[in-house]
Amino acid sequence: MKVLVTGGAGYIGSTTCSALEDAGHTPIVLDSLVSGPQEFTRGRVFYQGDVADQGLVRRIFAEHPDIEATLHFAARIVVPESVEHPALYYRENVLGSLTLFETLAELGQRRVIFSSSASVYDSPQDFQVNENSPLKPLSPYARSKRMTEEMLEDLCVASAQQGRGLRGIALRYFNPIGADPQMRSGPYVAEPSHLLGRLVSAARGGGEFSITGTDYPTRDGSGLRDYIHVWDLAQAHVAALEHFEQAFERANAERMSTERAEAGPPVSFLIINVGTGNGVTVRELVEAFQQVSPQPLAVREAPRRPGDSAGAYADIGRARRWLDWAPQCSTSEGLSSALNWAARWTDRQPT
């Protein structure tokens, strides 16, 4: 299939483009390059611009009328920045997505796969969350993801009622780590805010790593997360694309079986967790990182950051049942690939 990939120059978007190509699909990349490097678009059909530029989106589909689905990654993703600049996140993540979805609906597109986040969940006592677990987005970033889910669902329901057929799948990511196994792309932010990026930067720079938050109600006081290899996450997008119809068929069958209700309108919007199904604390991840890092790492404790939560890990039953997908890569593989990528990426940057 030919697929529009918004944010295809980003960390996850570019890795998914490689996974799509490996599976025989053709990504058409739309990216503003506000953060993603243009290098990650080389060898691919690439349009530079914003997802809210309706004229550009219409031109892309006019030039590629055989596009069969849209994978929407484009978004700002830094939690502390969202706390400091919430309007920026609501404008670009929410309003930009709304404009894109409206344009796709007008163009008669029927398949959207949205890059959402597990940061929308509350932290339950046992820390495991399924797609029906209580929500508690603590940052403007997380709230922007939840708002976009709700918008897409409403548009899909309205489209179904009008006989237009737009349907959407929101993949709620847990915490991606690592790089493309073939080293085609990986993390690129010079001053990363996410955990593994800060670990790699501290180790390579001979600096100090701070465990931010040590008073959470977890087994060792540090936050608990579900760390998924970015290649597994990319493969989940390929599975969502290739099993799109099957996912809705299976979801509708489950709904009828579980609710034992009279036949109603089929569901047109799905939420699916994408993680490993295992919870790892920050302290445990730091210890695992120390075992694969060639450089020693100094570690200290620090207060919680605004917008952070105790965390959660995924129940991935839906992904297994509806997408025939399961993670294949280990945490240690993710850590090792991140270190290998960091060395290569640094060597490729101008001094």
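**Pocket notes**

I began with the second largest pocket and got a volume of about 740 Å³. My volumes are the space filled by probe spheres set on grid points, which are joined across faces, edges and corners. On a 1 Å grid over the protein atoms alone, I call an open set of points a pocket if it has protein on both sides within 12 Å along at least five of seven lines; a cavity is a set where a 1.4 Å probe fits but cannot get out, and lining residues have an atom within 4 Å of a point.

Before going on, I noted that this is a predicted model, where local features need pLDDT of at least 70 and side-chain atom pairs count only at pLDDT 80 or more, while totals for chains, interfaces and linings use all residues. Residues are numbered from 1 along each chain as its sequence is written, and side-chain values use heavy atoms, with hydrogens and water left out.

Which residues lie nearest the centre of the second largest pocket? I found Arg 255, Val 267, Phe 269, Leu 270 and Trp 322, out of a lining of 30 residues. The elements giving two or more residues to this lining are α5 (140-161), β7 (167-173), α8 (244-259), β12 (269-274) and α10 (317-323). I took helices (H or I, at least four residues) and strands (E, at least two) as DSSP runs numbered from the N terminus. Helix α8 contributes the most, 6 residues. By class I logged 12 nonpolar, 7 polar and 11 charged residues in the lining of this pocket. Here Ala, Val, Leu, Ile, Met, Phe, Trp, Tyr, Cys and Pro are nonpolar, Asp, Glu, Lys and Arg are charged, and the others, Gly among them, are polar.

**Cavity notes**

How many cavities of 30 Å³ or more does a search of the whole structure find? I got 1. The largest cavity has a volume of about 30 Å³, and its lining includes His 72, Phe 114 and Lys 145. Helix α5 turns up here too, giving the most to the lining with 3 residues.

**Ring notes**

I paired rings of Phe, Tyr and Trp (its six-membered ring) with centres within 6.5 Å, calling planes under 30 degrees apart stacked, over 60 edge-to-face and the rest tilted. The count came to 7 aromatic pairs. Phe 40 and Tyr 188 are edge-to-face, because their planes meet at 75 degrees, with centres 5.8 Å apart. These two sit 148 residues apart in the chain, and both are buried (under 20% relative accessible area; exposed is over 50%, partly exposed in between, with a 1.4 Å probe and protein chains only). Ring pairs also join Phe 40 and Tyr 188 with Trp 341 and Trp 345 in a cluster.

The charged end of Arg 167 sits over the ring of Phe 248, 4.8 Å from its centre (the rule asks for NZ of Lys or CZ of Arg within 6 Å of the ring centre and within 35 degrees of the ring normal).

**Cysteine notes**

I found 0 disulfides, taking one as a pair of cysteine sulfur atoms within 2.5 Å. Cys 329 is partly exposed at 22%, whereas Cys 156 is buried at 0%.
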